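Reader: Got a structure to go through. Can you show me, and we'll start with a pocket?
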Amino acid sequence: MNAVPQAAPTALADSPSRAAQADEAPPARERSDRSSARRNTGRSVTRALWIVTICVAVAALRIGRELLVPIVMALLITLVLSGIVETLRRYRIPRALSAVVLLVLFGVGIGGMLYAVGTPARQWIDSAPRVLRTIEHKTRPAQSVVRRLDAIARRASALAGAADPPVATASLSAPPPGAAVSAMDVVEGTSGVLAALLMGAALTLLLLAAGPPALARMAAPVTTDGRAIHVLRVIEAIRMELGRYYGTLAMINLLFGAITALLMWLIGMPNPVLWGALAGVLNFIPYLGCATTLAILTIVAFVSFDRISQTALVAASFLALAAIEGHIVEPVFLGRRLDLNPIVVLVALWVGACIWGIAGMVVALPLLVATKVAASHSDHGGAVVRFLSPPRGRAERTWPSQFIRRRG
C-alpha cells in the first residue's frame, strides 16, 4: 500500500523533466544541423577559393613569364652551384671569386658545346628540303596505300548517297613576297633575349656571392625566430639535394652523350657528335627527352640508310642504351630518395611547357624535387610525399574491402 503513494510523486516529478528534455531536443538538433551546414559551406568556400587562387596564379605566371623566367632560372642555377661555392668557401676562397669562376666556366662550356654542334646542326637545317624529299620518296608505298583507302572510302560514301564536298575551283595565288628584314628588326628581336640573359647572370652572381647569410636576412623580417630557422633548414636541404641530384645527373648525361656519339659513329650515322650532344642535353628532361632523341635518331637513320635493318639497329641500340642508363645507372648513383611519380612528372612537364615553354619544362622537375624535399621536412607533409612518390610494393587495402570484411 505504501509503494503506490511513493511511486506516484516520483513519476509526477520525472514527467516534467522528461517533457523539458523533449522540448530541448529539437533546438539541440537544429544547432548541430546548423553547425554541420556551416562547416560544409566553409569547406565549399575554401575549395572555391583554392580553385580561383590556382587559376589566378597560372594566369599570372603565363602573363609575367618574360619577367619571371630569368629570376626563376637564376634561382635554379644558384641552388645547383651554391654547393660548390660553399665548399670552396671552406678553403678560404671568397664567394664572389668562386661565383665568377663558376659562371665563366658554365658559359664557356655552353658556348663550346654550341660551337661544336653548330656546324652539323646548320648543315641539317640547310638540307631540310632534301631530307623531306627523301622521306617522301621512301614513304611513297605507304602513301599509295593511304590513297587507295581514301578512294575506297569515297566510293562507299557515294554508294551510300552522300554528296561529295564541292571542290574549290579558285586558283591558288602566289603568296606575297616577305618583307625585307632590317638590322633594327634583328636588334629588336634579340635585345629582349640578351637582356634576360644578362639579368639572369647578374642575379645568379649576386645570389652566389651573398650565400646563405643573405637568405637569413631576407627571411628574418617576415617570420619569427624559430620559423626563420626552420625555413633556412628547408632551403639548405633543397640546395643540397638539388646540387647533388643535378651534379650527379650532369656527369651521367655527359657520359651518356659520349657513349651515344661513339655508338652512332660505330653504326655509321652521320654527325655522331651532334646526336651525342642532343642525347645528353635532352636526357635532363625525364621520359620525354629519351623519347624525343629516339624519334630523331630513327628519322635520321631512315633518311641516311637504304636498308630498314640499319634503321632498326640504330633505334634498338639507343633504346638499349637508354634502358641501361635509366634502370641501372641512375638508380645506382642517384638512389631512390628523389624518385617521383611518372604521372605527376609528365603532367608537370606538360603544364610547364604550356605556361613557359622550354623554360617551364626545365623548371618543372626541380620544382617537384624541391616540393618533395620541403614536404619531407614538414610535420604535415606526409600526404604530399606519398602523392609525389612512385607507388611501390603491395597496394594497401581500400576502405570498401575493409568495410565489407567487417560486416561479414
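Reader: Which helix gives the most to the lining of the second largest pocket?
Author: H13 does, with eight residues. Keep in mind that this is a predicted model.

Reader: What volume does the second largest pocket have?
Author: About 1,500 Å³.

Reader: How many residues line the second largest pocket, and which lie nearest its centre?
Author: The lining has 44 residues. Nearest the centre are Val363, Pro366, Leu367, Ala370 and Thr371.

Reader: Which helices each supply at least two residues of that lining?
Author: H1 (3–63), H2 (65–90), H6 (183–210), H7 (212–219), H8 (225–267), H12 (342–356), H13 (358–376) and H14 (382–388).

Reader: What's the lining of the second largest pocket like by class?
Author: It has 35 nonpolar residues, six polar and three charged.

Reader: New topic, the largest nonpolar core. Which residues touch the most other members?
Author: Leu340 and Leu368, out of 23 residues in that core. H8, H12 and H13 are the elements that give two or more residues to this core.

Reader: Which element gives the most to this core?
Author: H8, with eight residues.

Reader: Back to Leu340. What does Leu340 touch, not counting residues up to four places away in sequence?
Author: Tyr287, Val345, Leu365, Leu368, Val369, Lys372, Leu388 and Pro390. So Leu368 turns up among the contacts of Leu340.

Reader: How many residues are in the other core, apart from this one?
Author: That core has 16 residues, including Leu274, Phe305, Leu321 and Ala322.

Conventions. Residues are numbered from 1 along each chain as its sequence is written. This is a predicted model: local features need pLDDT of at least 70, side-chain atom pairs count only at pLDDT 80 or more; totals for chains, interfaces and linings use all residues. Side-chain values use heavy atoms; hydrogens and water are left out. On a 1 Å grid over the protein atoms alone, a cavity is a set of points where a 1.4 Å probe fits but cannot get out, and a pocket is an open set with protein on both sides within 12 Å along at least five of seven lines; lining residues have an atom within 4 Å of a point. Grid points are joined across faces, edges and corners, and a volume is the space filled by probe spheres set on the points. Helices (H or I, at least four residues) and strands (E, at least two) are DSSP runs, numbered from the N terminus. Ala, Val, Leu, Ile, Met, Phe, Trp, Tyr, Cys and Pro count as nonpolar, Asp, Glu, Lys and Arg as charged, and the others, Gly among them, as polar. A nonpolar core is a set of buried Ala, Val, Leu, Ile, Met, Phe, Trp, Tyr and Cys residues joined through side-chain atoms within 4.5 Å. Buried means under 20% relative accessible area, exposed over 50%, partly exposed in between (1.4 Å probe, protein chains only). Contact means heavy atoms within 4.5 Å.
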